[in-house]
Amino acid sequence: MTVKTITELLYAKKYAQIKKELNEMNSVDLAELLEQFSQESMVILFRLIAKETAAEVFTNMNTERQQALISTFTEKELKDIFEDMFMDDTVDILEEMPANVVERILDVTDKETRSRINELLQYPQDSAGSIMTTEYVDLKKTMTVREAIAKIKRVGIDQETIYTCYVIENKKLLGIVTAKSLLLNEENVRIGDLMETHVISVRTHDDQEEVSKLFQKYRLISIPVVDTENCMVGIVTFDDAMEVYQEEMAEDIALMAAVQPSDDSYFGTSVFNHAKHRILWLLFLMLSATITGTIISRYEETISAIPLLVSFIPMLMDTGGNCGTQSSTLVIRGIATDEIRFGDLFKVAFKESRIALIVGAALALVNGLRIILMYQDPRLAILLGVSLMCTVYLAELIGCMLPLLAKKVHLDPAIMAAPLITTIVDTCSIMIYFAIATHLFAL
């Protein structure tokens, strides 16, 4: 179904056909489709969606469209939607909504649900508690496989996942049992004999980024969340962990481009906010670049004696900036995947220094040959060759060390990316270039 086709059917008031077509679509695709319509048409189409899939479609829509739909919902429609929604999705939506909308949603929920929502909203924003759900299947170790399967059939429809069940006694997490284990064992086998007691778990206040890394490392479907006394309070599921991973990646990309991270989409952010997110970094980088200009002005006599030296400055600065960016990008990626830690600082620096020698030598050789062919000046070729090698070596070291140092002092390593490193390397490369030129040409 395309937007054009649905628009034509809406105009012809063929609602039965639209309803049939919409309810055959995947909920994610349906959410993307509805977001392309005007608010009036979107409301009509949403009400044609089957009740059992409406909550899932609503969850996959962006905040702006969700808010537009809520403003048109009756109390009954609002209650039906949020009753069918998983607890973690409800909390995620409430965190993005204005206070008056949150109040309206909480008014239609029952006392128990409201209490669970308020509890989840109290956890720090970037913690495991803020992304967990309290909807999971809990079993007792004294149950048989038959009793466990019967419980899953009874309560599983309302739980976020049934692939992993949690064995709990007096609120303490004892172990886990997978659906595969239950299906492959005899009905009279006790859960206590099947459960895996070596459980990977996280605490409620653990950083959500670290939680998402555990999913990648151990290939988990869900992970239990416990408090300081090892009491089970909820689970984090794979889909929520991947959302966190995507958010962190988006934040790192923004920082690496010297843009303040934003939770809003590109088109959902106003022009003023886009400018506000960029201007602070640009002002800092612009003002810091004046240091380079000050250094160049100190070598006016050298430039006056050999004006040709100025023409090589852009090439030298660009090469240094590019080398530093390459190095920092690879190290930041290594930090993000836990391959590189601060303890590897000297190991990484040694590796990058050897890479720098090879790269610097290759660039210096090619550039030296070019200068000899164009200017027939061996001293100029030596100047650019040595300057390039020193610049590349310094850029590679700065590029690999700054992200690790940032991580050590609890800053985001992505801050030490292209724009900042380029500014630092530019300053250093100019100092190296003119210092060598002054001595080589005895100016």
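This is a predicted model: local features need pLDDT of at least 70, side-chain atom pairs count only at pLDDT 80 or more; totals for chains, interfaces and linings use all residues.

Trainee: Okay, how many disulfides turn up in the whole structure?

Mentor: A disulfide here is a pair of cysteine sulfur atoms within 2.5 Å. Take Cys400: its closest cysteine sulfur, in Cys323, is 12 Å away, so that is too far for a bond. Cys428 has its closest cysteine sulfur in Cys390, also at 12 Å and too far. The search of the whole structure gives a count of zero.

Trainee: And is Cys400 buried or exposed?

Mentor: The cut-offs are under 20% relative accessible area for buried, over 50% for exposed, and partly exposed in between, with a 1.4 Å probe and protein chains only. Cys428, at 22%, lands in the partly exposed class. Cys400 has a relative accessible area of 0%, so the class for Cys400 is buried.

Trainee: On to helices: at what angle do α19 and α20 pack?

Mentor: Helices are DSSP runs of H or I with at least four residues, strands are E runs of at least two, and both are numbered from the N terminus. Axes are lines fitted to C-alpha atoms, for helices over the stretch in contact, and angles run from 0 to 180 degrees between N-to-C directions. For α19 (residues 313–336) and α20 (residues 345–375), the axes are 12 Å apart and the angle is about 150°.

Trainee: What does that angle make α19 relative to α20?

Mentor: The classes are roughly parallel under 35 degrees, roughly antiparallel over 145, roughly perpendicular from 65 to 115, and oblique for the rest. With about 150° between the two, α19 is therefore, relative to α20, roughly antiparallel.

Trainee: Which residues of α19 meet α20?

Mentor: Contact means heavy atoms within 4.5 Å. On the α20 side, the partners are Val348, Glu352, Leu363, Asn367 and Arg370. From α19 come Met315, Thr319, Ser327 and Val331.

Trainee: Where is Gly324, and which residues does Gly324 touch beyond four places away in sequence?

Mentor: Gly324 is in helix α19, and 0% relative accessibility puts it in the buried class. Gly324 and Gly399 are 75 residues apart in sequence, yet 4.5 Å apart C-alpha to C-alpha. Not counting residues up to four places away in sequence, Gly324 touches Ala395, Gly399 and Ile421.

Trainee: Now backbone angles: what is the phi of Lys171?

Mentor: Most residues other than glycine have a negative phi, and most peptide bonds are trans. Lys171 lies in the loop between β2 (164–169) and β3 (172–178), and it is exposed at 61%. Its phi is positive although the residue is not glycine, near 70°.

Trainee: And which loop holds Gln376?

Mentor: Gln376 also has a positive phi, about 50°, without being a glycine. Gln376 is exposed, with a relative accessible area of 58%. Its loop is the one between α20 and α21 (378–408).

Trainee: Last one: which residues does Ser212 contact, leaving aside neighbours within four places in sequence?

Mentor: Ser212 lies in helix α15 (residues 208–218). At 1% relative accessibility, Ser212 counts as buried. Its contacts are Ala241, Val244 and Tyr245.

Conventions. Residues are numbered from 1 along each chain as its sequence is written. Side-chain values use heavy atoms; hydrogens and water are left out.
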